[in-house]
Amino acid sequence: MLFKQQALLRQKLFVLGSLAIGSLLYLVARVGSLDRLQPLCPIDGRFGPRGQDEMPLRALQFKRGLLHEFRKGNATKEQIRLHNLVQQLPKAIIIGVRKGGTRALLEMLNLHPAVVKASQEIHFFDNDENYAKGIEWYRKKMPFSYPHQITIEKSPAYFITEEVPERIYKMNSSIKLLIIVREPTTRAISDYTQVLEGKERKNKTYYKFEKLAIDPNTCEVNTKYKAVRTSIYTKHLERWLKYFPIEQFHIVDGDRLITEPLPELQLVEKFLNLPPRISQYNLYFNATRGFYCLRFNIVFNKCLAGSKGRIHPEVDTSVITKLRKFFHPFNQKFYQITGRTFNWP
Ligand code: A3P
């Protein structure tokens, strides 16, 4: 009897032991495979069938961990060399439009394992003083990345600044250019709201939007007002087209990026020849914020700062109607040039 019980116990221990060793071997093999970073060449669009071009999970963790430390300047030169990290000129730039959703677009693209964002607006091409410092200064402003990744920066002032297209062309005539637009009147009000908030912070008073947007002498739209001029997208784009063919631009719908970001991001991935990696998992709606927020992994998620998504002041409906009527022909031209139509009134 005792012998039988001992045999049964030995048998159970043997099964349990085998199971434990099997699981251990599986884990070792899995971790080993995750450790091998496979190189990607996203901008060239050289991707094999799904599976071959898998960006290992570790890359995203690296983006939050190792690269982050390097970016904060906590790395030695030796560590940088060991990890083969480089500061690369951008392969794509979000050139505008101010208040179109440029920050949200940059942050959301940064969810992609092959994209590394320049966190700050660098203002290299629109600021003469910075531009005079030369291209090496600009490159040194770029974040550390692996050679197979692409760097993206955003400086919305580029879109409206006269000298910028030529300067960017001189750096890289085949660069990819992203423009995120919103319905022009809403964008102009958002622009005004940002300036208004700045004035209020300094305890200064400011004009009402209606007073700035409409010329009191003619009662017509005041085209000298910067918030109005910036929303005449076609005028600015035409200047860019003197240097770059339309194929080098991708227009992002900033209004849709607010309500339904994933399809807009998937169009950008396609334009940048990146394999589709941003998924619904990476974007979740935060009811308190009233906006989509970003989920990098099970631990790390973030929403944009409170300065994004301000409450706009109420604007006289007759002024809104006047502005919409004013922008209408420019919008039509913009649709025609870009091949992207929006439901703007
Ligand atoms: P409002 O403040 O008018 O709502 P930019 O980054 O170019 O300054 O654009 C700011 C705009 O981005 C905001 O304008 C906001 O509506 C929009 N936006 C788009 N997606 C957003 C998001 N996920 N979180 C916060 N703001 C977002």
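**Entry 1: contacts of the ligand**

I looked up H312 and found that an N or O atom in its side chain lies 2.6 Å from an oxygen atom of the ligand. I count such a pair as a polar contact, that is, two N or O atoms within 3.5 Å; within protein, one must be able to donate a hydrogen and the other to accept it, and residues adjacent in sequence count only if both atoms are side-chain atoms. The model is predicted, so local features need pLDDT of at least 70 and side-chain atom pairs count only at pLDDT 80 or more, while totals for chains, interfaces and linings use all residues. Residues are numbered from 1 along each chain as its sequence is written, and side-chain values use heavy atoms, with hydrogens and water left out.

A polar backbone atom of Y292 is 2.9 Å from a nitrogen atom of the ligand. For G101, a backbone N or O atom lies 3.0 Å from an oxygen atom of the ligand. I also noted that the ligand taken alone exposes 570 Å², of which the protein buries 97% (Shrake-Rupley method with a 1.4 Å probe; for residues, only the protein chains shown count as cover).

**Entry 2: the shell**

**Entry 3: the pocket**

I found the ligand in the largest pocket; sitting there means that more than half of its atoms lie within 2 Å of the pocket's grid points. A pocket is an open set of points on a 1 Å grid over the protein atoms alone, where a 1.4 Å probe fits, with protein on both sides within 12 Å along at least five of seven lines; lining residues have an atom within 4 Å of a point.

About 650 Å³ of space lies in this largest pocket. Of its 33 lining residues, K99, G100, G101, T102 and K308 are the closest to its centre.

**Entry 4: the backbone**

I noted a cis peptide bond from G96 to V97, with omega near 5°. V97 belongs to the loop between β2 (92-96) and α5. H123 has a positive phi of about 50°, although it is not a glycine.

How values were computed: Points joined across faces, edges and corners; volume = space filled by probe spheres on them. Helix = DSSP H or I, 4+ residues; strand = E, 2+ residues; numbered from the N terminus.
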